[in-house]
Amino acid sequence: MSTPLTDESLDSHLPLSAQRVSPLFWTSVPIIERAVAWLDELGVGDIVDLGSGVGKWCVGTALLAKSERHYFGLEH
C-alpha cells in the first residue's frame with residue numbers, strides 16, 4: 001500500500017450518513033492495524049466477520065495484511 005491507511009481514507013468510500021457515525025460504530029484504523037499484526041503473526045487463515053456493519057474492519061485488514069487470506073463480512 002503506497003499511502004498510509006487512515007480512518008478518513010476508509011470512511012471516504014462510505015455514504016455520507018455512514019461517514020458521520022463511523023467513529024461511533026466501526027473499528028478505527030489503529031485497532032485494525034493491531035488486529036492485522038496479530039493475525040499475520042499467528043498465520044490465521046480466512047476470516048468471517050459476523051456483524052460486520054459497513055465492512056470497514058474487513059476492508060482495512062485486507063488492505064494491510066501481508067497474507068492472502070480472504071475476508072467475509074456478514075451483516076443483518
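User: Where is Pro-15 found, and why is Pro-15 called exposed?

Analyst: Pro-15 is found in the loop between helix H1 (7-11) and helix H2 (16-25). Helices here are DSSP runs of H or I with at least four residues, strands are runs of E with at least two, and both are numbered from the N terminus. Buried means under 20% relative accessible area, exposed over 50%, and partly exposed in between, with a 1.4 Å probe and protein chains only. Pro-15 has a relative accessible area of 52% and is therefore exposed. Its C-alpha atom and that of Val-54, 39 residues apart along the chain, are separated by 9.8 Å.

User: What is the basis of the model and its values?

Analyst: The model is predicted: local features need pLDDT of at least 70, side-chain atom pairs count only at pLDDT 80 or more, and totals for chains, interfaces and linings use all residues. Residues are numbered from 1 along each chain as its sequence is written, and side-chain values use heavy atoms, with hydrogens and water left out.

User: Which elements make up the secondary structure of the protein chain?

Analyst: The protein chain has four helices and two strands, and from the N terminus on they run α-α-α-β-α-β.

User: Why is Gly-55 counted as buried?

Analyst: Gly-55 has 11% relative accessibility and so counts as buried. This residue lies in the loop between E1 and H4. Gly-55 and Phe-72 are 17 residues apart in sequence and 8.9 Å apart in space, C-alpha to C-alpha.

User: How do you know whether Ile-32 is buried or exposed?

Analyst: The relative accessible area of Ile-32 is 0%, so this residue is buried. Ile-32 has its place in helix H3. Contact means heavy atoms within 4.5 Å; leaving aside neighbours within four places in sequence, Ile-32 is in contact with Leu-10, Thr-27, Lys-56, Trp-57, Gly-60, Thr-61 and Leu-64.

User: What makes a set of residues a nonpolar core, and which residues make up the largest one?

Analyst: A nonpolar core is a set of buried Ala, Val, Leu, Ile, Met, Phe, Trp, Tyr and Cys residues joined through side-chain atoms within 4.5 Å. The largest has twelve residues: Leu-5, Leu-10, Val-29, Ile-32, Ala-35, Val-36, Leu-39, Ile-47, Trp-57, Cys-58, Ala-65 and Tyr-71. Helix H3 (29-42) and helix H4 (56-64) each supply at least two residues of this core, and H3 gives the most, with five.

User: Which residues of H4 are buried, and what do they pack against?

Analyst: The buried residues of H4 are Lys-56, Trp-57, Cys-58, Gly-60 and Thr-61. They pack against H1, H2, H3, strand E1 (47-50) and strand E2 (71-74).

User: Why does the radius of gyration agree with that of a compact globule?

Analyst: The radius is taken over C-alpha atoms, and the globule rule is 2.2 Å times the number of residues to the power 0.38. For 76 residues a compact globule would have a radius near 11 Å; the protein chain has 12 Å, and therefore agrees. Along its principal axes, the C-alpha trace spans about 35 × 30 × 15 Å.

User: What share of the residues of the protein chain counts as buried?

Analyst: Of the 76 residues, 30% count as buried. Among contacts with a separation of 6 or more, 58% are between residues 24 or more positions apart.
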